[in-house]
Amino acid sequence: MSQALDEIKIGGLGASRKRVEDDRFIRGKGNYTDDITLPGMLHMEILRSPLAHARIKSVDTSKAWDIPGVHLVLTGEMMATRNLAWMPTLSYDTQAVLATDKVRFQGQEVACVVADDPYIAKDACEAIEVEYEPLPAIVNPAQATADGAPVIRDDKVNQPDNVIYDWEVGDKAGTDLAFEQADVISRLKLHYPRSHPSPIECCGSIADFNRATSKLTVYMTTQAPHIIRAAVALVAELPEHMIRIVSPDIGGGFGNKVPVYPGYVCSILASILLERPVKWIEDKSGNLISTGFARDIYLDGEMALRKDGKILAVRMHADADHGAFFSDAQPSKFKIGLLHSTFACYDVPAAHLTARGTYSNKAPGGVAYRCSFRVTEAMFFQERMIAAAAADLGMDPAEFRRTNFVRDDQFPHRTPFGFLLDSGQYAKCLEVGLKAIGYDDFRRQQAEARKRGKLLGLGISTMTEPLGAGNSREYDILGIKMFDSAELKIHMTGKAILRTGARTQGQGHETTWAQIVAHELGLPAEDVIVEEGDTDTAPFGMGTYASRSTPVAGAAVSMVARKIRAKARRLAAHLLEVSEEDIEWELGRFYVRSAPDRGVTIQECAIAAYSNMPDGMEPGLENTAYYDPPNLTWPFAVYLVTVEVDPETGVWDVLNMVAVDDCGVRINPMIVEGQIMGGLTEAYAMANMQFITFDADGNCVGSNYMDYLLPTAWETPGFELHSEVVTPSPHHPIGAKGIGECAAVGGPAAFVNAVLDAIAGTGVRNIDMPLLPDRVWEAITYRHDVSGAPPVRSDD
Ligand code: MCN
Ligand code: CUN
C-alpha cells in the first residue's frame with residue numbers, strides 16, 4: 001500500500017496555501033527600501049526640469065551649496081567630468097543622467113542635492129538657478145517626423161532626425177496577395193494612450209560605498225538585481241564582485257522597476273564621493289512624470305476577410321512614441337517588443353507588420369507595464385480589430401472568433417510572425433465564458449432594452465501571451481542571454497532554503513516556489529524558506545518581469561529539486577541496502593520495489609547526506625540549476641463584460657464581468673486568482689479612468705493622482721473567475737504557464753468592446769481609452785470616432 005503524502009496537505013502543487021510573506025506585510029513588518037537606515041546616512045533629492053524642451057544656458061548652484069546641511073550638489077557638468085552625464089539604456093540607446101546640453105522632457109533630472117535630511121535637500125534644489133532657452137516641443141510621432149521638426153537627440157552623431165528605428169516582420173508579398181483576394185477589407189486605427197504602472201512604493205536606492213573594503217552595496221527597488229549589478233559595473237567601472245545589489249521587499253513593480261534610473265546612478269556616485277551612505281527616495285509626482293511610461297502607440301491595421309468569416313490576412317503599422325530616450329527593457333532582437341504576438345490565437349495565413357519608433361519631448365515611454373513587452377498593445381489591437389471586422393461582416397463576434405481560432409489539434413502552431421504556440425483550448429475557454437455570462441439571454445435583453453432607449457453592451461476579448469522569455473537562442477538583454485536559476489540547500493534535518501534569480505514584488509514567490517519543492521520532494525512547503533533579491537547570495541538570474549518567473553525560474557526550481565531527488569535516491573539505496581534500480585519514489589519517500597513497506601523518507605536521506613553517505617559520495621545535499629527554456633509558454637484567456645451606457649452623460653457602468661483563464665497547471669490557485677483580479681482591476685482603470693497626456697508645449701497633463709486615478713475597491717466592479725480549463729504547457733517541467741499579466745493584457749479591450757457594442761448603430765468605430773464620459777458622450781452625440789492622442793488643450 002502506498003504511504004505517499006497527501007500533496008495538498010503538505011502545501012504542494014494545487015494547494016491554495018496562504019501567502020507566507022503576508023505574515024510580515026500585514027503586521028507592518030515588511031522591509032522596504034525606505035525602511036532601511038544606515039549609520040551616517042545622507043539624503044538625496046532631484047531637481048527636475050519644468051520645461052519639455054529647452055537649451056540649458058547656465059546652472060548656478062552657489063546658493064544651494066551655501067545652505068547649512070548640504071554636502072554635495074551634483075550637476076550634469078560635474079557628472080560629465082567623470083564620464084557619467086550619460087548612461088547606456090537597455091535598448092542600446094543613451095540616456096542623460098543629469099542634463100548638460102538640453103532638457104528633453106518635463107520632469108527630466110537636472111541636478112541633485114545631498115544633505116543631512118530630505119527637507120534640506122529639497123530646499124536646496126529650489127535654490128539652484130537654471131537658465132533655459134525654450135525650444136519647440138514634440139509630443140507625437142506625426143510631429144516628430146514632420147518636415148523641419150527640431151531634432152531632439154542632437155547629442156547623438158548619425159541621428160539626423162527623430163526616428164529611432166524602422167522594423168518589419170512577416171510576409172509582405174503573401175499578405176498583399178491575400179488582400180487582392182478578399183471579399184471584405186476591415187480597417188481600424190487607434191491610439192493606445194500612455195499609461196503608468198504607478199506602484200504604491202516609488203523608486204529609490206541607498207548606495208553605501210565603503211572605502212576600506214572597496215565594496216559598494218546598493219539597496220534598491222529593482223525587479224532585476226543581477227542586471228543592475230552588470231549595469232553598475234559597466235557604467236561606474238567598478239569590479240563586479242565588489243558590487244552587491246540588494247532588492248528588499250518591493251511595494252509593487254508592474255514593470256516600473258525594471259529600467260535603470262538617473263537617481264540610482266546619482267546616489268551611487270554621491271556615496272562614492274562622500275564615502276557615506278546616500279538615500280534617494282523618489283516622491284510620487286517624480287515617479288509619475290519621469291519614470292518608465294508604457295504604451296503610447298498608434299496602431300493602424302486592416303484585415304482581409306472572406307464572406308464566410310475566414311480571416312485571410314492582417315496588415316498592421318505601428319508608430320511608437322518612445323519619449324526622449326529609448327530605454328525599453330526588452331529582448332534585443334525585437335525593436336518593438338513582442339508586438340508581433342498579435343493575432344497569435346487566430347489561424348491567420350498571412351500577416352505583415354511594420355513599426356517605427358520615434359523620439360518625442362516626453363519621459364521615456366514604451367516600457368512594459370504588466371505585459372510581456374508590448375503584448376498589451378498587440379492583444380488590444382487584435383481584439384478591437386476582431387470586433388470591428390465581425391461588425392463589418394455582420395457576423396456575431398463570438399461566432400467570428402470561433403471560426404478563426406487555432407484549433408486544439410493544430411498545436412504546436414506556428415504563427416504568421418514566427419512564434420510557436422505550445423498548447424491551448426481556445427474554443428473551450430470561449431464556450432465556458434459565453435455560458436457564464438449568459439450570452440444568448442443577454443443579447444435578448446439588449447434588444448429589448450434598446451426599444452426602451454437603454455443602451456446595453458457586451459464586449460468580448462481574448463488574449464494569448466508569450467511568457468517566459470526566453471530561450472537563449474532568441475532572447476537576450478544587452479547581449480546577456482535570458483535564462484534563470486534556482487539553488488536549493490537541504491539542511492540535515494530536512495529543512496531547506498531555496499534561492500532564485502527572480503525577484504518577487506508582491507506575486508508571492510516565497511509561497512509558491514516552496515510549493516514546487518513540496519511537489520518534487522515531498523518536503524512540507526512550510527519547511528522551505530525562499531530568498532530572492534541579493535546578488536551576493538542568489539544565483540545569477542534575469543529577474544522578474546514579463547511573467548517569466550514561473551515559466552523560467554519556476555522551472556529551474558523543479559529541475560534543481562529533481563537533481564536533489566536523484567542524489568537522495570542514491571542515499572536511499574545505500575540506507576536500504578539495495579541497488580538504485582530497485583528503488584521507487586512516491587511523494588516524500590523512497591521504497592524497495594519488491595517490498596514497499598521498506599522505505600526511507602526524504603528527511604532520512606537528508607540526514608544521511610551529512611552523517612551516513614556511501615563511500616565515495618560527495619557529502620551534503622545541495623545543488624543549483626540553470627534553466628534555458630525550450631520555448632515560451634502561451635496562456636490563454638477570455639474576458640467578457642456587460643455594460644450599461646447612459647446616453648445623456650456618457651457614463652458607463654459594468655453590469656457583469658467573467659474571466660476564463662487557462663494558465664496550465666496552477667501552482668497556487670488562490671494566488672493565481674489574486675493575480676487575475678489585480679490585472680482586471682488595472683484593465684478597468686486603463687479603460688475607464690486613467691488619464692495622462694501632454695499639451696502642445698509638452699506639459700504633462702494629468703500628472704497627479706487627482707487626475708491619474710488609481711482604482712480602489714469603491715470603483716472596481718466584481719469579477720467572476722473560471723478555472724475549469726487547464727491546458728498544461730508540454731515543455732514546462734510541471735506544465736505551468738505564466739499568469740501575472742494576462743488580465744491586464746486582455747482586459748482593456750473587453751471594456752472598450754462592450755461600450756462600443758452598446759452604441760452600435762451610431763457608426764462609431766473607435767473611442768480611445770480612457771473611455772471618459774465626455775468622450776463617450778461626444779461619440780454618441782456627434783456620431784464620430786473620438787481620439788485621445790496628444791496634444792490636448794491644457795484646460796481639457
Ligand atoms: N502562479 C501559479 N501558477 C501558475 C502561474 C503562476 O501559482 N500556473 C503564481 C506564481 O508562482 C507567482 C504568481 O502566480 O507567485 C505570478 O507568477 P508569474 O505569472 O510567473 O509572474 P511573475 O512571478 O514573473 O510576476 C511578474 C508579473 C508581472 S511582469 C507584473 S508587471 C506584475 C505581476 O506579475 N506585477 C505585480 N503581478 C504583480 N502582482 C503584485 N502583487 N505586484 C506586482 O508588482
Ligand atoms: Cu511587463 S511589466 Mo512586468 O514585466 O514587470
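Modeller: Ligand 2 is surrounded by Q223, F254, G255, A368, Y369, R370, C371, Y545, A546 and E741, where a residue is near a molecule if one of its heavy atoms lies within 4 Å of it. The model is predicted, so local features need pLDDT of at least 70 and side-chain atom pairs count only at pLDDT 80 or more, while totals for chains, interfaces and linings use all residues. Residues are numbered from 1 along each chain as its sequence is written, chains are lettered from A and ligands numbered from 1 in the order in which they are written, and side-chain values use heavy atoms, with hydrogens and water left out.

The shell around ligand 2 comprises six nonpolar, two polar and two charged residues; Ala, Val, Leu, Ile, Met, Phe, Trp, Tyr, Cys and Pro count as nonpolar, Asp, Glu, Lys and Arg as charged, and the others, Gly among them, as polar.

Oxygen atoms of ligand 2 lie 3.0 Å from a backbone N or O atom of G255, 2.4 Å from a polar backbone atom of A546 and 3.2 Å from a polar side-chain atom of E741.

The copper atom of ligand 2 has C371 (O) as its only protein donor, at 2.2 Å; donors are N, O and S atoms within 2.8 Å of the metal (3.2 Å for Na, K and Ca), and water is not among the atoms, so sites may look incomplete. C371 itself belongs to the loop between strand 17 (350-358) and helix 10 (375-393); helices (H or I, at least four residues) and strands (E, at least two) are DSSP runs, numbered from the N terminus.

Definitions and conventions
A polar contact is a pair of N or O atoms within 3.5 Å; within protein, one must be able to donate a hydrogen and the other to accept it, and residues adjacent in sequence count only if both atoms are side-chain atoms.
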